[in-house]
Amino acid sequence: MILHSETPWPALLILLPLAAAMLSFLFPRSAKFTGVVTAIIIALAVVGFGWHLQSEGVYRHAVGGWGAPLGIDLYGDGLTLLMLAVTALVGLAITLYSLDYFNTEQARWFWPLWLLLWAALNALFLSADIFNLYITLELMGMAAVALVALKGGRDALNGAMRYLLATLLGSLAYLFGVVLLYHGYGTVDIALLAERIDHQPVAWAALGLMGAGLLLKTALFPLHFWLPAAHASAPAPVSALLSALVVKASFYIFLRLWFALFAPLGGEVAWLLGLLGALAILWGSWQALRQTRLKLLVAYSTVAQLGYLFVAFPLAAVAGVVLWHGVIYLLISHALAKAAMFMAAGNLLRFGGHDRIVDLNRSVQQLPLSTAAFALAGVSIMGLPPSGGFIGKWLLLEAALQQGQWALAAVMIVGGLLAAAYIFKVLGYAFTPSTSREESIPIPATMAWAPLLLAFASILLGFLAPALFSLLDIGSPFERGAGS
Amino acid sequence: MLFDALLGLLLLGLAWLLLSCRDLFKAIVLFVAFGLLMAIVWVRLDAPDVALAEVAIGAGLTGALLMSALAKLPVDNPPGRYSNEKTHWLLPLTLALMLLLVASGLGYALWSLPVIAPGLSGEVAANLEQSGVSNPVTAVLLNFRGYDTLLEIVVLLLALLGVWSLNSLDATPATAEKPANLVLDTLMRLLVPLLILVAAYLLWAGANSPGGAFQAGAVLAAAGVLLLLAGWRLPTALAGLPLRLALVAGPVAFITLAALTLLNARLLELPVEHAGMLILLLETFAMFSIGVTLAALFLGQRPQERGGSA
């Protein structure tokens, strides 16, 4: 009876973390238990939702029974499912990792904040309503800022403040666009808007505002200025979830809106996005190579890897659905690999008490599991076979070569080489003798294994392509924008 | 027409004064004035609900929050510090040009919008009977788009969580109790019961005229702010779990209702015959939590718990 198709899995995915956040706030002593149980049930609920999608097709649920345009609709297709699944997987790993990471005072705030962030992510992926999406963005942004500040100290507070201002500016721009669209077309439901939108100045203004707001949140070059400080100064599990999930969530909204509303409007905009993506790859990778601190290196690597997601836009007009599958693949494997990388970096930092790359040799040699996690995640980030990152980058590269876009192809290859350079810059210290004899803090087993398992997953992803591609075909959002 | 034009010009003038003001205290006073003027604009635009919210939250409570933040800032922050920094003239000019470009683009887009918007007021009016209340704003907030409100109430709690998590970083001792002030004390004794009454009225009135949980909660919070100003502090026995229960009562009521409606297979579908009662119940919990949360935000610090684990 549990797997009955009427079981409201999506509603559960939103309400459960919300309720768990309240519980962990009320009873801080059992917060860890609440967190672990929630993470497990969410994983099961995602499986249940996948089951439902497989058997019943696209999911649409009118909240309150009103239906769009009066009410809010929840919507789920293959893309939604994959985003929920990645969130559940990374979320589970972050939950396990965080059990021993925080001190009592920090844990008191971490658990409710993290569970609220999780609820916001799930709600965001399931929303079909641009105003409701704004509220989920707000919830996600506020929780993320508070989590960055959790570590305390000048750097973290500074990073959190910048992040707060950037994310608020992004939200306001997005909200302004929502207001324009509502005034112009009389609905905030994405599907209805898609039917009504036309070539009017108001649609252009909305595209500009919402696009700029979302790209600021996604940290596309040159709007990435807030990301390195925020992601590098946050506690390790928070960095992991920011880089793996939070920037992907705003990209997800951008993608949804692009296909439903803006693709018919924006032929030239696609080239602008591609150009910025290419610049992000080059600038981010170069900056990552120049860093002397491990966490900043990983953060700049995120700037670069986000660029790959945008390089696809100008190629899509010809390449079509396969290319978008590649983008989603890249997104998922980056989420897994980057979460693993930040957690592994957190272990090295905790063990040695610092994250200066040149002095890492001793930590690297004493922590084989974390080093292995970092290396495996690095394989996926570099895009080497057989990892998930390889599949995504290969599909992108293939499209660029077939269309004769040599410049874009060259940028992607250079980005891969630079990624290899900055990852070997770190791993190189595993093979140099260490001289320092400092005190070190032991790493609990969950903290060692959580990143390793995620890194394994990012490699394994390379073997799952056919299955995941067929999932993406459930109500594929890419058909609409592909041919035009 | 003339009145509206005057109102618009005043608003612009106040905004300019506010932004160019170097004295933070003055800027906050101007901000409150701006909020009050804005409320009149909302009334002129036939949006009394928004006007109420603007007065209670935009002008009143935000002003109090800003003042409380100002009081926490270090004093050795000379006004006009920024004017000494030399900036090249090219940067402001480029920024100004870019902003002008964006503003004119937006202006053009707004200009091209139809005057009569194809909004949803027709749909709202058509379904008002089913919603359980007769105030369309309340119907939208608590029924048609109740899911949004559920998440919004959580955002408010989240804001407090964020502030409290920051406070635990540096455990500065609570500011010393001020000596009792007779005028303030008397005023408080008169005003607090009145404010609670007003809050209850706003909550009740929300069903069929402007009002509702947010405005009522803000008024309740104003009572709390007055109490705090007069030196009242939450007893340490209540600062732990009881306070946390008060803070989450609204969100938890909402989540519980949402979970119960799931048994009927549809999220947040209120049965028509009970909708009015359920909305009032939700709003009561929400008002209570909003009031406590806003007052707690004003205090800033997490109240001292018994056992000293603040």
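**Entry 1: between the chains**

I started with the contact between chain A and chain B and counted 2 salt bridges there. For me, a salt bridge is a side-chain nitrogen of Lys or Arg within 4 Å of a carboxyl oxygen of Asp or Glu. I'm working with a predicted model, where local features need pLDDT of at least 70 and side-chain atom pairs count only at pLDDT 80 or more, while totals for chains, interfaces and linings use all residues. Residues are numbered from 1 along each chain as its sequence is written, chains are lettered from A and ligands numbered from 1 in the order in which they are written, and side-chain values use heavy atoms, with hydrogens and water left out.

I also found 9 residue pairs in polar contact between chain A and chain B, both residues being at pLDDT 80 or more. (A polar contact is a pair of N or O atoms within 3.5 Å; within protein, one must be able to donate a hydrogen and the other to accept it, and residues adjacent in sequence count only if both atoms are side-chain atoms.)

Which element gives the most to the side of chain A that touches chain B? I got α5(A), with 10 residues. (Helices, H or I with at least four residues, and strands, E with at least two, are DSSP runs numbered from the N terminus.) I sorted the residues on that side of chain A into 41 nonpolar, 10 polar and 5 charged. (Ala, Val, Leu, Ile, Met, Phe, Trp, Tyr, Cys and Pro count as nonpolar, Asp, Glu, Lys and Arg as charged, and the others, Gly among them, as polar.)

**Entry 2: area**

Chain A and chain B bury about 5,000 Å² between them, and 75% of it is on carbon and sulfur atoms. (Buried area is the accessible area, with a 1.4 Å probe, that two parts lose on being put together, summed over both.) A:F25, A:W66 and A:L70 supply 14% of what chain A buries against chain B, more than any other three residues. I then listed contacts, meaning heavy atoms within 4.5 Å: 56 residues of chain A touch 55 residues of chain B.

**Entry 3: salt bridges**

Is B:R145 buried or exposed? B:R145 is buried, at 11% relative accessible area. (Buried means under 20% relative accessible area, exposed over 50%, partly exposed in between, with a 1.4 Å probe and protein chains only.) B:R145 also meets B:D148 in a salt bridge (2.8 Å, N to O), and B:D148 is buried at 4%.

Next I looked at A:D359 and A:R356, whose side chains form a salt bridge at 2.9 Å, N to O. Here A:D359 is partly exposed at 31%, and A:R356 is partly exposed at 35%.

**Entry 4: a strand pair and a glutamine**

I noted a salt-bridge network linking A:R60, A:D73 and A:D189. Strand β1 (residues 59-63) of chain A has 4 of its 5 residues buried, so the rest of the structure largely encloses it. I see β1(A) pairing antiparallel with β2 (residues 72-76) of chain A over 5 bridges; strands pair if DSSP finds at least two bridges between them. A:V63 stands opposite A:I72 in β2(A).

Last stop: B:Q215, in helix α9 (residues 213-229) of chain B. B:Q215 is buried at 7%. Leaving aside neighbours within four places in sequence, I find B:Q215 in contact with B:D49, B:L52, B:A53, B:A56 and B:L202.
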